[in-house]
Amino acid sequence: MKMGTALIYDEEMTKYKLLWVDPVCKIEVPERLIVSYEALVKSGLADRCVSIPVREATDAEILLAHSEEYLEAVKKTPFMHLEELMTFTQKYGDVYFHPNIYHCAKLAVGATLQLVDNVMTGKVRNGMALVRPPGHHSQSSAANGFCVFNNVAIAAQYAKKHHKAKRVLIVDWDVHHGQGVQYCFEDDPSVLYFSWHRYEHQSFWPNLKESDFDSVGSGKGAGFNVNVPWNKVGMGNSDYLAVFFHVLLPVAYEFSPDLVFICAGFDSAIGDPEGHMSATPDIFAHLTHLLMNLADGKVCAVLEGGYNLTSLAQSVCQTVQTLLGDPAPRPAQLGGACESALESIHSARSIHKKYWSCLQHAAAPFPEEPSSKNRRPAQQGGSQGPEGDAGGDAQREEEKVEEKEEEEIVWPEPLRRVAPSLRSALLLPDAVECPDGCARFSPAHGPGPLERARLRKSYLKESEDEASVTLLYNLTALLGQMEKNEIRNGLALVPDVSMAATLLTSASLSKRVLLVWMGEGPVPSQIIEDEKTLVVHINSMEPHEAQSKYYIPIPLKKGCGDTAGVMQAVLGLLLPLGYQYEPGLVLLARLPGYQVEGGLWQQLTCLLQGLALGHTLVLLQENETAPVGITASCLLGNAALSLGPLVAPGPEDVGSFERLRLRLQTDWPLLQTTAPEKR
Ligand code: X5A
Ligand code: ZN
């Protein structure tokens with residue numbers, strides 16, 4: 001499987017602009033597209049993408065989401081004079097027309113459809129369309145919010161019609177509510193629309209009641225519209241990740257889309273004059289990564305908003321670089337979601353619990369809804385501001401008052417993301433064939449006599465042969481090259497997974513190691529006592545050790561055959577713990593006899609690669625060679641196989657996860673799903 005990333009862009013879409021004075025529309029400038037594309041070119045990312053030409057959408061395609069009257073009206077705009085354009089514009093909200101915008105709007109839709117065609121036919125794995133005008137506010141018969149045609153809504157209909165997509169997920173991370181998309185699919189259960197948006201109890205544009213969390217869709221589509229309104233500005237990386245872990249991802253995995261769209265607006269990033277949020281551009285690497293194992297990796301990102309040119313260009317690069325498969329940066333210092341975000345998360349989870357079995361154990365809705373506009377919940381311990389910085393709330397207040405100072409917001413440029421020249425190295429017995437695309441690991445030189453003696457003394461019985469010593473040495477050498485960023489990830493078949501894990505955790509130079517322990521069998525006590533290792537143990541019926549902050553057994557009654565249950569544990573517990581811990585290395589140990597669906601094992605392997613700059617080392621039992629191929633495929637960057645729609649996880653398990661979450665959330669605030677005062 002060798003597939004690329006599409007980039008679809010045409011300079012023509014920079015060729016319209018606001019022709020009169022309008023303080024609302026003045027931020028939607030051609031430079032938005034120019035700087036985004038230039039940043040991709042300068043960073044070398046554009047060159048690594050498959051460049052695909054745009055085309056004009058046909059009338060029939062536009063009519064997939066718009067009325068004939070509206071299309072006919074827009075068709076006349078290229079012939080209008082300034083006065084007529086202004087009059088026409090006045091029929092709609094927060095939008096402007098230009099003689100060339102109809103042409104550009106047809107190209108924006110066409111670019112999106114080109115992306116869908118290339119992704120759905122497997123010519124590329126995923127891709128991004130850089131377009132203007134944006135689309136998600138436009139409605140059947142109305143332009144709105146800088147949008148003329150609804151690029152993504154049309155493309156979702158098109159994918160259903162022309163590519164037989166049965167279920168389509170639209171993730172709208174733009175800071176505005178894409179009400180146009182919501183209206184289009186309100187009663188349609190085949191399209192799941194998720195949006196978070198600045199809302200502030202309806203005081204932020206577009207000021208709609210239906211942008212609130214309780215708009216869940218109607219008729220057959222009930223449950224397929226998920227809104228997470230932000231009732232404060234200043235939301236940061238922890239808030240965004242918490243919504244992904246506790247709302248979007250569980251629902252998305254249960255839904256199991258055939259195709260994922262991202263309404264990729266970057267006005268949700270720091271420095272944006274519309275959003276006033278504080279999430280940094282590198283968070284989009286993680287948001288993208290976390291969506292890339294849905295739908296067998298078929299992800300179409302389509303530009304929407306984004307008005308701070310610096311933050312926009314950086315965020316676009318982060319997104320495309322992740323689509324290309326480069327390791328995501330380490331998100332630093334995550335706290336928990338802030339109190340207001342937790343209220344939104346809680347509201348969304350509890351209103352959707354009757355539609356999604358992954359949320360069945362979410363706490364009941366608030367007794368009285370958190371809608372009283374003036375209520376300002378007191379900040380309490382455990383709840384943190386953006387980026388876990390304690391000054392978050394003060395900062396939020398300041399931003400509200402002094403809107404003029406927004407241009408002075410500064411943040412560090414995202415670090416350059418370097419992919420090691422070797423992606424995957426495998427330590428396999430000679431008899432085991434090395435999967436295509438992987439390299440067999442061989443260290444530059446073998447161990448000296450002292451090293452041999454030390455390894456033998458610490459880890460082996462006298463009786464064991466020299467080959468065992470060599471294997472241990474090779475393991476530490478592989479680890480060493482990973483930690484020097486010369487090799488990205490690895491896989492080792494070892495005679496004794498426990499011993500190998502013990503050796504590796506003690507040999508690791510990383511300040512923090514995340515050990516994911518899959519299967520029955522005790523974690524060696526030496527590892528548990530090791531302060532620098534966080535152990536998450538899935539599938540232990542009875543934890544044999546007292547729980548500590550750094551040893552977290554997640555028991556599953558139905559065992560790992562319960563795919564939905566394991567997935568729930570991975571998304572709602574393991575990933576938040578891992579993200580909060582910030583490991584320098586992830587060890588994924590699969591104990592002998594561990595029975596698990598191949599797709600689930602792949603999801604785990606793939607999702608964990610978002611941590612530790614992708615430094616994942618997988619340990620498998622020597623005589624269990626069956627998972628080697630599917631594991632190697634993931635380590636090489638292929639998407640995990642889709643799991644299909646998930647059934648309800650075992651209710652006992654979900655209950656025990658919730659109790660575990662409650663117990664751990666003081667130490668690990670990213671596990672929180674409810675505001676402190678409501679618990
Ligand atoms: C696509 C987009 C924003 C419109 C804001 C109008 N539109 N006040 O971000
Ligand atoms: Zn927007």
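Before you start, note that the model is predicted: local features need pLDDT of at least 70, side-chain atom pairs count only at pLDDT 80 or more, and totals for chains, interfaces and linings use all residues. Residues are numbered from 1 along each chain as its sequence is written, while chains are lettered from A and ligands numbered from 1 in the order in which they are written.

**Stop 1**

Switch to cartoon view and look for an open sheet of eight strands with parallel pairing, in the order 2-1-3-8-7-4-5-6. Which strands stand at the edges? They are strand 2 (50-52) and strand 6 (225-230); each has a single partner strand, so one side of each is left without a neighbour in the sheet. From one strand to the next, the twist averages 15 degrees. Strands here are DSSP runs of E with at least two residues, helices are runs of H or I with at least four, and both are numbered from the N terminus. Two strands pair if DSSP finds at least two bridges between them. For angles, axes are lines fitted to C-alpha atoms, for helices over the stretch in contact, and the values run from 0 to 180 degrees between N-to-C directions.

**Stop 2**

Now select residues 168-172, which form strand 4. Five of the five residues are buried, so the strand is largely enclosed by the rest of the structure. (Buried means that 20 or more other C-beta atoms lie within 10 Å of the residue's own; exposed means 12 or fewer, and partly exposed is in between, with C-beta atoms placed from the backbone.) In a regular strand the side chains alternate between the two faces of the sheet. Here Val168, Ile170 and Asp172 point one way, and Leu169 and Val171 the other.

Find isoleucine 170 and you will see tyrosine 193 of strand 5 opposite. To get from strand 4 to strand 5, the chain passes through helix 8 (residues 179-185), and this β-α-β crossover is right-handed; that is, with the strands pointing away from the viewer, the path from the first strand over the helix to the second runs clockwise.

Strand 7 (residues 259-264) is also parallel to strand 4, again with five bridges, and its leucine 259 is the bridge partner of valine 168.

**Stop 3**

Show residues 237-255. This is helix 9, which lies across strand 4, strand 5 and strand 6 and runs at about 170 degrees to strand 6.

Then select helix 10 (residues 283-291), where nine of nine residues are buried. Among them are Phe284, His286 and His289. What do the buried residues of helix 10 pack against? Their partners are strand 4, helix 9, strand 7, strand 8 (299-303) and helix 11 (309-323). (Contact means that two C-beta atoms, placed from the backbone, lie within 7 Å.)

**Stop 4: ligand 1**

Centre on ligand 1. There are 15 residues around the ligand, the closest being Asp94, Pro134, Gly145, Trp205 and Gly305; a residue is near if its C-beta atom, placed from the backbone, lies within 6 Å. The shell divides into five nonpolar, five polar and five charged residues. (Ala, Val, Leu, Ile, Met, Phe, Trp, Tyr, Cys and Pro count as nonpolar, Asp, Glu, Lys and Arg as charged, and the others, Gly among them, as polar.)

Stay on tryptophan 205, in the loop between strand 5 and strand 6. With 18 C-beta neighbours inside 10 Å, tryptophan 205 counts as partly exposed.

**Stop 5**

Most residues other than glycine have a negative phi, and most peptide bonds are trans. Step from tryptophan 205 to proline 206 and the peptide bond is cis, with omega near 5 degrees. Another cis bond links arginine 132 to proline 133, with omega near -10 degrees; proline 133 sits in the loop between strand 3 (124-129) and helix 7 (151-163).

Finish with glutamate 200, which has a positive phi of about 45 degrees and lies in the loop between strand 5 and strand 6, and serine 256, whose phi is positive at about 60 degrees, in the loop between helix 9 and strand 7.
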